[in-house]
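My notes follow, entry by entry.

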Amino acid sequence: MSTVLFRRPARRRGPDMPDGELSLQEPPTLPEAEPNTAAMWTYLPMGLTSLSMLMMFIRPGQANAFSYVAIGMMLLSSVAMVLVQVVRGSSERKRKLKGERRDYLRYLAQMRRKIRVTVGAQQKALAWRHPEPTALWALAGTSRQWERRPSDEDFAEVRVAVGDQKLALRLAPLATKPVEDLEPLSAHALRSFIRAYGTVPDQPIALYLRAWSRVLVQADAEQEERARALLRALIAQLAAFHAPEELNVALCVADERRGAWEWLKWLPHAQHGYQRDGAGAARLAAADFQALEELLGADFTQRPPFDPETPPGRDEPFTLVVVDGGAVPSGHRVTGAGYRNTVLVDLSGALTWKAARGTLRLRLDEAGLHLVRTDRERKEQATLLGVPDTLGPAAARALAARLSPYRLGGQATASEPFVTDTELTTLLGIPDLRRHEPARLWRHPVEGRDRLRVPIAVGEDGTPVELDIKESAQGGMGPHGMLIGATGSGKSELLRTLVLGLALTHSSETLNFVLVDFKGGATFLGMDELPHTSAVITNLADETALVGRMQDALHGELIRRQELLRKAGNYASVLEYERARAAGTPLAPLPSLFVVVDEFSELLAAHRDFMELFVMIGRLGRSLGVHLLLASQRLEEGRMNQLEGHLSYRIGLRTFSAIESRGVLGVPDAYHLPSQPGSGYLKSGVEALTRFRAAYVSGTYKAPRRGSARRAQIARQVVPWGTEWVVPRTLPAAPEPE
């Protein structure tokens with residue numbers, strides 16, 4: 001299966017999770033019964049008036065039936081007026097209370113519509129952040145694949161169940177009066193409102209794995225397969241959202257249970273970065289923990305103890321270790337302090353079921369997934385999280401197969417081309433350097449695309465990375481460039497590779513060199529014997545006189561070329577000159593001149609006037625056929641302002657700081673490169689960065705051995721492939737011919 005380089009795009013921002021607080025109005029209060037003082041002051045005078053009239057009508061000895069009827073009607077009308085007033089006051093109080101209740105219920109209905117919008121937004125945000133495990137296969141190859149970086153807050157955050165979640169918008173009812181004073185129906189409606197919308201059902205329940213060193217999953221025999229399905233869903237989420245360079249998945253599984261985990265062999269996260277067996281990249285699986293540690297290597301075993309507050313080490317992937325029947329030695333470190341940036345998930349009870357720092361305990365039964373805690377009285381308390389996620393073996397294998405060809409591009413990886421050293425002769429297709437005759441190639445002038453173009457490194461997919469110093473108008477990267485690399489990054493070796501690669505593919509009539517090393521001189525040692533070399537100038541820091549002579553010589557060469565083009569026929573550039581010469585015009589060869597200056601920052605610090613010469617070469621070199629490459633361990637941005645616009649390509653090996661990497665490449669990636677010499681990035685124009693591992697030329701000559709074709713054929717034979725280690729096939733050494 002061929003490898004597909006996946007360049008991770010900028011992370012897309014999903015739906016926003018609602019937040020904030022919603023203040024709910026307090027229900028209306030019950031109106032207090034007030035004394036009817038108005039009625040007293042209204043009807044008391046009426047009663048007194050009626051009493052006085054009675055006294056006027058009633059005279060002793062003169063009363064008759066009509067008088068008693070009039071008095072009765074008057075008393076009855078007074079009582080009726082009082083009753084009517086009392087009933088009217090009570091009805092107005094009830095009418096007011098009903099109005100306030102109706103208004104409050106209408107207010108809750110408005111709030112209900114608003115809450116439903118919030119619930120919908122929360123559901124969309126959680127569905128984006130934690131999709132269903134069965135839908136993860138659709139993320140492969142999209143912009144969401146491996147979108148989570150170690151610096152993201154949701155790195156190593158996975159869903160484990162579906163259950164009730166709190167509403168993201170906090171409901172805050174105002175409470176200024178006792179509950180007994182509130183209108184009962186409105187208060188009940190408010191309580192029902194909060195109870196109904198305070199939680200959202202059937203939402204993802206997520207765990208932040210970085211906060212734990214051990215996750216113990218307890219399940220009886222009937223729930224054992226369900227526990228594996230839960231862990232398959234968890235691993236599938238990690239594999240879909242996290243790059244294999246930032247996440248490792250390792251298995252400590254018994255042989256009789258290995259079949260349930262065979263699907264992991266497809267995941268690049270479960271394959272060793274550079275160690276290989278007879279079937280390819282070694283799978284991170286073993287039957288006991290000690291063998292697994294040997295497979296993971298010293299980078300894993302030398303990690304400090306687990307501490308959620310301690311940041312992970314540089315280029316240290318987050319590691320998930322699954323224990324399913326595998327042997328874990330008693331008292332092993334993993335049962336205690338654990339490892340930094342590592343979480344162990346135990347399905348088989350290999351670790352003791354007890355509360356401890358960094359230990360998360362989950363229990364699976366018919367009711368669902370429970371979070372188990374121990375209270376102050378050392379009693380276990382189980383809290384139901386919800387219905388656990390599950391993923392079947394077929395679905396897990398389908399996802400792993402879709403992710404299997406992908407590897408992260410444009411990042412510092414440990415893939416095989418970056419671990420295996422590559423000789424320059426291999427890139428140039430020279431089987432035996434001792435039998436190679438450069439003069440044969442030189443008799444055929446290099447033209448068109450291959451002119452001033454040479455492979456210098458190997459890319460992430462194993463293909464050659466070429467440097468083309470032609471002008472961009474001719475399909476090249478441009479004539480001038482810069483190379484920055486810290487001590488031990490392989491800068492000197494890359495310069496030797498570049499110069500010798502150009503010398504092996506171009507004759508001295510096509511290309512000449514001026515090689516300058518301000519300090520030392522080991523970089524270009526022995527290259528003065530090349531027919532292409534016009535001058536090798538070293539130890540300029542100790543020879544001040546040579547600095548002035550070199551400056552005069554380079555300046556004089558620019559003037560000489562200008563005069564030569566003018567006298568030969570007033571040609572505008574060396575390109576027109578060479579075209580006229582190729583067409584038959586009797587002209588002398590005018591080879592391109594490649595000026596390589598090592599430790600240019602030191603040179604400019606000691607001799608600032610050299611900047612004017614470099615700027616002159618940058619301005620005139622395009623037309624005069626003079627190419628410039630400036631190399632140094634450090635970048636002094638303050639001195640590069642004048643030359644910045646003339647540099648068309650940039651090479652960044654491992655730098656001392658992220659700031660220097662940004663100054664060279666525009667991104668801090670070169671600072672995060674591994675310590676392997678020759679690891680770097682190439683930037684040309686607006687194209688994306690090209691990650692490479694430089695070829696080398698300083699190795700000892702080795703004569704080619706016969707039988708390599710037979711060995712390659714054996715290596716390509718079909719072998720059983722699973723999570724087990726496959727012993728590499730070997731052939732007996734063939735006798736060397738006499």
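**Entry 1: charged pairs**

I began with D103, which counts as partly exposed because its relative accessibility is 42%. A word of care before I go on: this is a predicted model. The partner I looked up next was R106, whose side chain meets that of D103 in a salt bridge at 3.0 Å, N to O. Both residues sit in helix 2 (residues 65-129), three residues apart, about one turn of the helix. R106 has a relative accessibility of 43%, so I noted R106 as partly exposed too. I reminded myself of the general idea: side chains of opposite charge can pair when their charged atoms come close.

Next I went to helix 4, where E225 and R228 lie three residues apart, about one turn of the helix. Their side chains form a salt bridge at 3.6 Å, N to O. Is each partner buried or exposed, or in between? E225 is partly exposed, with a relative accessible area of 41%. R228 has a relative accessible area of 9%; the cut-off for buried is under 20%, so R228 is buried.

E466 comes out as partly exposed because its relative accessibility is 25%.

I also found a network: R11, R144, E147, R148, D152 and D154 are joined by salt bridges that share partners. How many salt bridges are there by this rule? I wrote down a count of 35.

The largest cavity holds about 120 Å³ of space. It has 13 lining residues, and those closest to its centre are R451, E471, Q474, R622 and G625. Which elements give two or more residues to this lining? They are helix 13 (574-582) and helix 15 (610-624). By class I recorded three nonpolar, six polar and four charged residues in the lining of the largest cavity.

The second largest cavity has a volume of about 80 Å³. What classes of residue line it? The lining divides into twelve nonpolar, no polar and no charged residues. I listed them as V160, L207, L209, V215, V217, A227, L230, L231, L234, V345, L347 and L362. Strand 6 (214-219) and helix 4 (224-241) each supply at least two of the lining residues. Helix 4 gives the most, with four residues.

**Entry 2: one glutamine in helix 4**

While I was on helix 4, I looked up Q237, which has its place there. Is Q237 buried or exposed? Q237 counts as buried because its relative accessibility is 3%, and the cut-off is under 20%. Leaving aside neighbours within four places in sequence, I found Q237 in contact with L136, V158, R159, H242 and D389.

**Entry 3: a serine in a loop**

S648 lies in the loop between strand 23 (626-632) and strand 24 (649-653). What does its side chain reach? The side chain of S648 reaches the backbone oxygen of M477 at 3.1 Å. Not counting residues up to four places away in sequence, S648 touches M477, G478, P479, H480, K683, S684 and G685.

Last, I turned to the second largest pocket, which has about 650 Å³ of space. Of its 23 lining residues, I noted E423, T425, L433, Y701 and K702 as the closest to the centre. Which helices each supply at least two residues of this lining? I wrote down helix 9 (424-428), helix 10 (438-442) and helix 11 (491-505). The lining of the second largest pocket divides into 15 nonpolar, five polar and three charged residues.

Notes. Residues numbered from 1 in each chain as written. Predicted model: local features only at pLDDT ≥ 70, side-chain atom pairs only at ≥ 80, totals over all residues. Heavy atoms only, no water. 1 Å grid on protein atoms, 1.4 Å probe; cavity = no way out; pocket = protein on both sides within 12 Å on 5 of 7 lines; lining within 4 Å. Points joined across faces, edges and corners; volume = space filled by probe spheres on them. Nonpolar A, V, L, I, M, F, W, Y, C, P; charged D, E, K, R; others polar. Buried < 20%, exposed > 50% of the residue type's maximum accessible area, 1.4 Å probe, protein only. Contact = heavy atoms within 4.5 Å. Salt bridge = Lys/Arg side-chain N within 4 Å of Asp/Glu carboxyl O. Polar contact = N/O pair within 3.5 Å; in protein donor to acceptor, adjacent residues only side chain to side chain.
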